[in-house]
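Trainee: I would like to go through this structure with you slowly, asking what stands behind each term.

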Amino acid sequence: MSKKIKKPVTLHLEREQFCEVWEKSAGECVRGYRVIADGTYYNLLYQNGEFMGLVRPNGGVIYPFSRNPKRKGFHFRNKYIRNAKVVCLSNAFTFKMKWGTGPDDAICLKDENGKTHSFGARGNLYLYLDPTDYATSADKFYRKLLAQGEASSMDVFEIKKVILAAFVNLIGKEIENFMTASQYPISQITSLTPSEKLKISGTAFDHLVPVFKNFGLTLDVECKGALMGELFIRPNGNTPIPVGGSGPVFPEHDIIF
């Protein structure tokens with residue numbers, strides 16, 4: 001029979017690490033087992049699969065198998081908590097990212113003559129946890145983006161890749177909708193004005209706010225006009241043309257922290 005765990009664990013994050021997860025069953029640990037939390041992170045507690053909130057926001061000892069996680073408690077009160085998980089989550093939740101579609105995920109539309117045109121875009125994305133409810137936001141963020149994988153091994157770069165993968169598809173759909181509904185023939189879409197680009201960006205912003213909220217993230221209003229800073233077109237496989245202004249050629253995926 002293996003010995004039960006006695007030594008308390010201190011949860012902390014290494015440089016660039018985003019999340020650390022401690023999870024055990026009551027049978028693996030001695031009675032009154034302790035987890036020591038650092039107040040510089042968000043510390044989420046789950047008991048029997050139920051989210052119990054952000055515990056020890058200023059740091060301190062967590063009793064993961066206790067009804068009151070701040071106290072050791074009595075055995076007869078604690079015996080129904082069979083499994084516990086403490087998630088140590090970085091509070092560096094201001095994600096500032098540059099994004100861009102590349103040739104592999106370009107938006108392809110046919111013009112009035114049946115010729116295919118490929119559209120690309122690039123812009124800026126600013127996200128953070130909902131400041132009005134950190135507990136709910138952190139729980140959603142963990143469950144929707146981290147819980148299904150190896151959360152402890154995911155660094156900031158990996159997290160941003162997950163967010164960007166969803167975002168590129170969503171804003172691509174907004175661009176496609178605008179192009180389809182516009183009064184311009186696709187072959188003449190190079191005349192798109194800066195105000196029309198802002199319209200696409202603003203419409204995308206409004207549609208994306210509830211999508212990101214579902215992940216516990218707030219889309220900063222400051223990026224409303226910058227979600228789609230530049231739009232590009234590659235007619236018939238030729239050299240891409242910046243639409244409505246100068247800019248770089250058709251960009252590859254661009255992730256800059």
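Mentor: Let us start with a definition: buried means under 20% relative accessible area, exposed means over 50%, and partly exposed is in between, with a 1.4 Å probe and protein chains only. By that definition, buried residues make up 42% of the 257 residues in the protein chain. This is a predicted model, in which local features need pLDDT of at least 70 and side-chain atom pairs count only at pLDDT 80 or more, while totals for chains, interfaces and linings use all residues. Residues are numbered from 1 along each chain as its sequence is written, and side-chain values use heavy atoms, with hydrogens and water left out.

Trainee: Why does Cys-19 count as buried?

Mentor: Cys-19 has 0% relative accessibility, so it counts as buried. Cys-29 is buried as well, because its relative accessible area is 3%.

Trainee: How many disulfides does the structure hold?

Mentor: The structure holds zero disulfides, a disulfide being a pair of cysteine sulfur atoms within 2.5 Å. For Cys-19, the nearest cysteine sulfur, that of Cys-88, is 7.4 Å away, and so Cys-19 is in no disulfide.
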